[in-house]
Amino acid sequence: MSGDESPSTNSRNKITVLIPTFNRRVQLQQAVESVLQERRVPVEVHIFDNASTDQTEAYVRNLVANDSRVIYLRRPENIGSTANYQHALGTVSTAYFVPLADDDWLLPGFLHDAYQILEGHREVGAAVFVTEARDEAGSFIETYPAPLEKLHFGLLHPREHLTDWMRYLHYGWSSVLWRKETLACVGAPYLRTGLPSDVDFQLQIFCQYPVYLCNRPGAVYSVHSNQASRDFNVSHIHSWALLFQRLDREIDRRKIFTLEEYLPLRKCIEERYRGAWRAPAETELSTRARLSAAMAAGFRLGDWDTAFSLLEGVPSESAPGASNVFRLPSTGRELEARLAGTADSADDLLGLTIAWMKLARKNAELLEDEIAEATQARRDTHAELSGEVLRLSREHDELVTELLACRTRESSAFAKFEVAEKGRLESAKKFQELSSRPLVRIARKLGLLQLTK
């Protein structure tokens with residue numbers, strides 16, 4: 001097939017497997033053979049050769065001559081992997097399709113079983129299978145998304161399905177059989193967000209269509225040192241920003257989640273992919289590029305650490321004697337108020353705003369430290385006061401106990417005094433009685449008896 005020809009238009013209930021390729025003759029053979037072994041359902045393999053310089057062309061032309069299910073498109077020049085995928089997706093004319101990376105391969109039964117699912121569930125936009133990750137030697141590494149025991153399987157509608165998708169991991173799209181109609185959700189050109197477009201592709205479709213998720217592997221993702229996904233770095237930050245912007249729009253437009261439900265899920269995605277846009281670029285970014293990336297990181301992705309890091313070394317202070325066009329608020333209770341700079345353009349203004357936000361966050365951290373110290377001091381003081389109150393309480397209890405003991409002793413002494421007084425009164429009475437007797441009075445007068453009280 002020449003570069004000007006189009007793939008077959010006989011699309012009734014047929015699967016097109018799209019394989020963009022460049023200089024991967026050996027890996028391509030494994031990918032193609034994994035498709036052609038399936039003869040129970042109608043399948044075509046469309047190979048999009050991005051001007052390979054190895055033996056790819058000879059291999060594929062031999063396939064074309066021997067199997068009518070193989071369609072070959074060779075480009076006269078290399079247009080880049082994203083553009084090659086872009087073109088491949090734009091040629092889909094059959095009922096179903098699978099984008100298959102030339103270094104991955106399908107597992108037996110996947111196309112047949114996924115086909116039966118989409119034939120039996122007309123409302124489903126995709127039949128999704130699990131992906132196996134294997135190293136260059138073919139050894140098993142892991143299955144993803146993971147953990148499988150936390151996922152829901154079977155027929156899933158957007159709300160239930162996206163909850164799992166956002167919390168855990170996107171699918172290897174070679175493990176997904178897509179219905180052609182779903183392409184309208186993504187909108188041509190289908191890889192709008194560049195390198196992370198497979199993530200955007202899935203999200204846009206999953207926001208609209210139910211899916212059928214199967215708990216078994218459908219394809220193998222080959223992990224090796226020459227993968228495109230290893231090229232992610234800070235230069236792709238605008239692609240991620242656009243991806244999240246498109247996701248936010250769809251979630252809001254379709255009211256899949258409330259804002260309170262969505263934000264924690266969005267946070268999960270941000271944390272999962274943050275390493276991809278934080279990796280250093282292969283070449284030094286210009287000042288303007290760093291400023292632009294910092295704005296995308298901070299304002300669109302909420303990754304202010306990356307935004308501030310990108311601005312390290314970028315001038316943010318106004319030149320001596322410059323007019324003060326834009327004055328940013330002073331920050332910090334103990335820091336001297338100062339101008340953040342002069343803005344001569346919108347880019348300058350945003351850059352200076354980010355620089356001010358960095359200073360504001362630093363001061364906020366200082367305030368948080370002060371608050372933490374004050375809180376700890378309050379706790380220490382509270383602990384000391386609590387100890388003093390406890391000590392005084394114990395002393396009070398001891399004094400009350402002593403007072404009660406004194407009162408007990410006082411009551412006992414008073415009782416004894418009453419008994420003694422009663423005895424004294426009785427003795428005095430008896431003495432009076434005895435003294436009044438005649439014989440006792442005579443004896444006293446004669447000096448024969450002395451009586452004392």
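How exposed is Phe-299, in terms of relative accessible area? Phe-299 comes out as partly exposed, at 40%. Keep in mind that this is a predicted model.

## The chain overall

The protein chain has 453 residues, and 41% of them count as buried.

Most peptide bonds are trans, and most residues other than glycine have a negative phi. A few spots here go the other way.

Tyr-144 and Pro-145 are joined by a cis peptide bond with omega about 0 degrees. Pro-145 sits in the loop that runs between strand 7 (140-144) and strand 8 (154-156). Another cis bond goes from Ala-188 to Pro-189, where omega is near -5 degrees. Pro-189 belongs to the loop between helix 6 (183-186) and helix 7 (197-206).

Then there are the positive phi values. Ala-51 isn't a glycine, yet its phi is about 65 degrees. You'll find Ala-51 in the loop between strand 2 (43-49) and helix 2 (56-66), and it counts as buried at 12% relative accessibility. Lys-255, also not a glycine, has a phi of about 55 degrees. Lys-255 is in the loop between helix 8 (237-254) and helix 9 (259-278), and at 59% relative accessibility it counts as exposed.

## Aromatic pairs

The structure holds 14 aromatic pairs. In one of them, Phe-110 and Phe-129, the ring centres are 5.1 Å apart and the planes sit at 85 degrees, so this pair is edge-to-face. Phe-110 is part of helix 4 (residues 110-120) and Phe-129 part of strand 6 (residues 126-134), so the pair ties together parts 19 residues apart in sequence. Both Phe-110 and Phe-129 are buried.

Back to Phe-299: its ring and that of Trp-304 have centres 5.1 Å apart and planes at 85 degrees, which makes the pair edge-to-face. Trp-304 counts as buried, at 19% relative accessibility, whereas Phe-299 is partly exposed.

Ring pairs also build a cluster out of Tyr-85, Tyr-171, Trp-173, Trp-178, Phe-201 and Phe-206.

## Arginines over rings

Arg-25 lies over the face of Tyr-59, 4.1 Å from the ring centre. Arg-272 lies over the face of Trp-165, at 5.6 Å from the ring centre.

How values were computed: Residues numbered from 1 in each chain as written. Predicted model: local features only at pLDDT ≥ 70, side-chain atom pairs only at ≥ 80, totals over all residues. Heavy atoms only, no water. Buried < 20%, exposed > 50% of the residue type's maximum accessible area, 1.4 Å probe, protein only. Helix = DSSP H or I, 4+ residues; strand = E, 2+ residues; numbered from the N terminus. Phe/Tyr/Trp six-rings, centres within 6.5 Å; stacked < 30°, edge-to-face > 60°. Lys NZ or Arg CZ within 6 Å of the ring centre and 35° of its normal.
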